[in-house]
Amino acid sequence: MTHRAVLPIVLALSACKPNLSEDDWLITSARVLAVKSEPAEAKPGTPLTFTALIANPPDMSDASTITWQFCTAPKPPTENNVVSAACLDASSLVDAGSGVSIVAATPSNACSLFGPNTPPGGVRPRDPDETGGYYQPLRIDAPDAVPAFHLERVLCNLADASFDVATEFGKDYIPNANPRIGTIAATIGGNPGSPSGIPRGARVELEASWTAADAESYAYYDRSSQTIITKRESMRVAWYVSSGRLDTESTGRDENDLSTVTSNVWTAPSTPGTTKLWVVLRDSRGGADFSTYEVAVVP
Amino acid sequence: MALPAVSIFAPSAAHGQAEAGGHLSQEPESSNSELQPLASGQMSPAREVSAAPSTEIIVRGLRPRHDAFEEKLSVEQAREVSGTQGDPVKIIESLPGFARAPFGSDQLILWGAAPEDTRLYVDGVEIPRLFHGSGIRSTFNGELLQSVALTPGAYGADYGRGIGGLVRLDTRELPEDRAHATVDASTLDGSAFVSAPVGERIRVALAARYGWLDRTLAAVNAPNVTDYFAIPRYQDYQAKVQLKLRNRESLDLVMLASTDALSQNVLNVDPARNRSLATSNAFERVYLRYRRTLDDGSSVDVVPWIGHDESHYNAHFGSNPADLDQSSLRWGLRAEHRSHVESVATLAMGIDMAGTRARLLRDGSLTIPAREGDITVFGQPPGDDTNTDTWTALVLNVAPYASLDFDWGPLTLTPGLRFDGYLLEASRSTPRVGQTPSIGQSTLRAEFEPRVSARLRLSDHVAVLAAAGLYSQPPSPQDLSAVFGTPTLGPETATHATLGESISVTDSLSAVVSGFYRSMNHLVARDSNTTPKLATALLQSGTGRSYGVQIMLRQRPWNGFFGWIAYTISRSERRDSPGSNVRLFDYDEPRILTAVGSKEFGSWKFGLRFRYTSGAPCTPVMGAFYDEKDDSYQPIFGAHNSIRLPAFWQIDARVDRSFMLSDDTRLVVYLEALNVTNHANGEEYSYSPDYTRRGTITGLPIVGVAGARLEL
């Protein structure tokens, strides 16, 4: 006798879930997937190299169609979105360059606009994210792609702490560095798979790795204890393919997990051809690295 | 003449009945009998007196407390209504003026007021929650209740600290004859009640309830019900001791306790996409109630009370936390003296005091917990901005009041005046920086609140009702943080005005048409500036208004049938700051139709309830952009609250059968089916990760609740 027969009085005869497929990992059109800045964190006004990972651009012959603009509008603390709605308006955007890769200096007033440095007059300082970071929004527009925002972490002084604590923080804090993707391993049924010949319909286990040093420890100002503590970065990998099916769009390790690998499963398409695989590794302080692979699916 | 439920029977056709706040529907012939007045505010089962024809009956008593637009039901009647699952307090969901709360919430939305604007009382003692989480059950066992009263607005001067409506639960007099017990078990929960006299002067009652719905659903593997809506674990306990002092003098000791716990976890292989929510709430109250009715008919009612509230809200969106913990010591005193003034008026004078000393800790996102007016969509993570604060707050209210019930022929006029004095303190006026000493904030505010209600009987069958007044409420201790709120907040204020007509179609069939208007000022809203001032995350610049008309056609018990049809048309708007646009209130439901009926056939009772409400407003998503840092899309919103969820309708049915097992023992077996047509009601819009597709989350499908109740 089943539980259902024992207790027929609670009936739930239909589902509550809407049927919305979540195949965010499938790339079928132009899309900005990631941006890497080098260095990953610097003081405002420092020239940085920004490089975008753009999937399926319709035409790469004219790189000037990819535009970059700094947003100068701070976000009201009441908004859930990461950038102000005004950053979608041209009046709050400042040209930063064009092309897949640009060199641009973050605005020198970034710590005032988006950080803890406030003008006189009793204004509330910006609130940091859970890693203590402040970010300058940078908008990227690519043809046929949804607008994307990169949040560039800016190095600001600690403004809402005592002098001693702020001094200690200034000595202890090491600016973020981008992580590096180690290897991407592919196995089929426990055996190594070759990118040049993945059988159609095969279940391929993908494993991304990084080094232990990539998950950096960093000084963090704990506002509840008003002291400096040490935190560790969490790591995430976003996976994208042009065909086939991924089990999930992203995997990772939280800050307490010392493992340096994470895996996903890609089911190859049932028709032979070439599939693109994009892998983006991010740390929780805004650092990133990415790689693109081509995989041949064979009969 | 208005009396607590007293029925007077004469052998001839003469038959009069007086109801609380009502009038003798037919004057009895004369009698020389005299009824002793009941204690003030005391409601007892109908008292019957036999009288010979042509005898004069003189009945003396103070007019019981009654708001002009109050709907009051006895517990026995409320229990039989479909959709209540035998919980008499849930009857208020079917009364006019009550908007349907979002599924899975326990919020009370009355005449367009925010849930936190409505005050809840048991015997005049304020409690923080009327329902256990998700609104499944009330926090008070119905076995100890005498009546449930709902006033959506424009209530009298004896209550305050709220700019919305009023819900009052009155505990019942414990039986003197013998011990009684009730055991109730259903798929939702189990409860037990026992009362017994101890000697001639003392009566004792105990009640307890324990919820097990979460385990019931798990046992039957109910698909998907708990994916979006968490089912809480809940318990509540009550104890009442009644001590009879002298004649018409009593002292009650009552203890209440309620706890709720709820948790949901959505795990993901990507730690940034993990979601978890754990909430718990508890409150306890202990109060004494001293009542005495003097020989001249005047009465004294004194209720000192003390209690404790505790709540924990701990949410995690990836590594982004949102924690809010609150622990509050609550205390208060309500004392009232009611007396005759000549023979045409009743004067009530009293004092209503309440204090809250709260300790709070908040950590994490600035935008969670959400506030009314926040623009968001289902499942959207909160903003990345985080902070932390620990603070204490004191909210003290002292409110002397007076009202006069004046009977002048067909006119009953009740002017009243309430003086609300507030002391509001926060431990910090600015955020903590280093070891800087705490500089507190203290605010003294006073609000004079004249209130008036009137009833004009145009004929034996028609009366015009009106009520109006000024109201205020103190800020929540949660809003007095220097980091997440504003320590200098003062009271929010409102003006209520209502006008209606009551028509007695027959002795038992009546209709009431009422219009209402409520304007609200100094409402607390988030500061939407990009650069807000320090320690002013909240501003008190919000305004609002709600207005509408409601019609209620009510059949009182007649040949085993009772029921009502209630229809409300309303609109509720808010403006968060003087320069912002007027928007719809988040809970605005312009049309609410409720039809309730219950019919008795011997030992069988059948009940039906139909509810229709407009869908709640929501904000459309017009597009999205990609947040590269968090690898997620962020919605681009259209006009605030410019679309609505689909309208809601549902039919609930109930059947119960009574078995008399002995002279003193009765078994009632009941089965209730919620949403018998299995209609898929849209409760929320949900979006695909890139916001290009929209779906609708539907509420509960057909759900059956079965149980049995044994009365000894």
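**Entry 1: the A–B interface**

I kept in mind from the start that this is a predicted model. My opening look-up was the extent of the contact: 78 residues of chain B touch 69 residues of chain A. The size of an interface is often given as the accessible area lost when the parts come together, so I looked that up too. Chain B and chain A bury about 6400 Å² between them, and carbon and sulfur atoms account for 55% of that area.

Next I turned to polar pairs. I found 33 residue pairs in polar contact between chain B and chain A, both residues being at pLDDT 80 or more. On the chain B side, the elements that give two or more residues include the helices α2 (213-219) and α3 (225-228). Strands are on that list as well, among them β22 (386-408), β34 (621-627) and β41 (703-711) of chain B. Which element gives the most to this side? It is β40(B), with five residues. By class, I noted 33 nonpolar, 29 polar and 16 charged residues on the side of chain B that touches chain A.

**Entry 2: bridges across the chains**

I went on to charge pairs and strand pairing between the two chains. Six salt bridges run between chain B and chain A. One I looked up joins the side chains of D129(A) and K629(B), with N to O at 3.6 Å.

Strand β8 (residues 148-154) of chain A and β34(B) run parallel and are joined by two bridges. In this pairing, A148(A) stands opposite Y626(B).

Over all chains the count comes to 60 salt bridges.

The side chains of K72(B) and D170(B) meet at 3.7 Å, N to O. K72(B) lies in strand β6 (residues 71-74) and D170(B) in strand β12 (residues 166-171), so this pair ties together parts 98 residues apart in sequence. Are these two residues buried or exposed? Both K72(B) and D170(B) are buried.

For R334(B) and D352(B), I read 3.1 Å between the closest N and O atoms. R334(B) sits in strand β20 (residues 320-341) and D352(B) in strand β21 (residues 345-365), 18 residues apart. I noted R334(B) and D352(B) as buried.

R545(B) belongs to strand β28 (residues 538-558) and E573(B) to strand β29 (residues 561-575), so the bridge ties together parts that are 28 residues apart in sequence. Here I found R545(B) partly exposed, at 34% relative accessibility, whereas E573(B) is buried at 8%.

I also followed shared partners: R334(B) and D352(B) belong to one salt-bridge network. Its other members include R119(B), E126(B), R161(B) and R285(B).

**Entry 3: Y670(B)**

Y670(B) is in strand β38 (residues 666-674) of chain B, and its relative accessible area of 3% makes it buried. Leaving out residues up to four places away in sequence, Y670(B) touches several others, among them R654(B), V655(B), D656(B) and V705(B). V705(B) is 35 residues from Y670(B) in sequence, with the C-alpha atoms 8.2 Å apart. Which side chain does the side chain of Y670(B) make a polar contact with? I found D184(B), at 2.7 Å.

Note on methods:
Residues numbered from 1 in each chain as written. Chains lettered and ligands numbered in written order. Predicted model: local features only at pLDDT ≥ 70, side-chain atom pairs only at ≥ 80, totals over all residues. Heavy atoms only, no water. Contact = heavy atoms within 4.5 Å. Buried area = accessible area lost by both parts, 1.4 Å probe. Salt bridge = Lys/Arg side-chain N within 4 Å of Asp/Glu carboxyl O. Polar contact = N/O pair within 3.5 Å; in protein donor to acceptor, adjacent residues only side chain to side chain. Helix = DSSP H or I, 4+ residues; strand = E, 2+ residues; numbered from the N terminus. Nonpolar A, V, L, I, M, F, W, Y, C, P; charged D, E, K, R; others polar. Pairing = 2+ DSSP bridges. Buried < 20%, exposed > 50% of the residue type's maximum accessible area, 1.4 Å probe, protein only.
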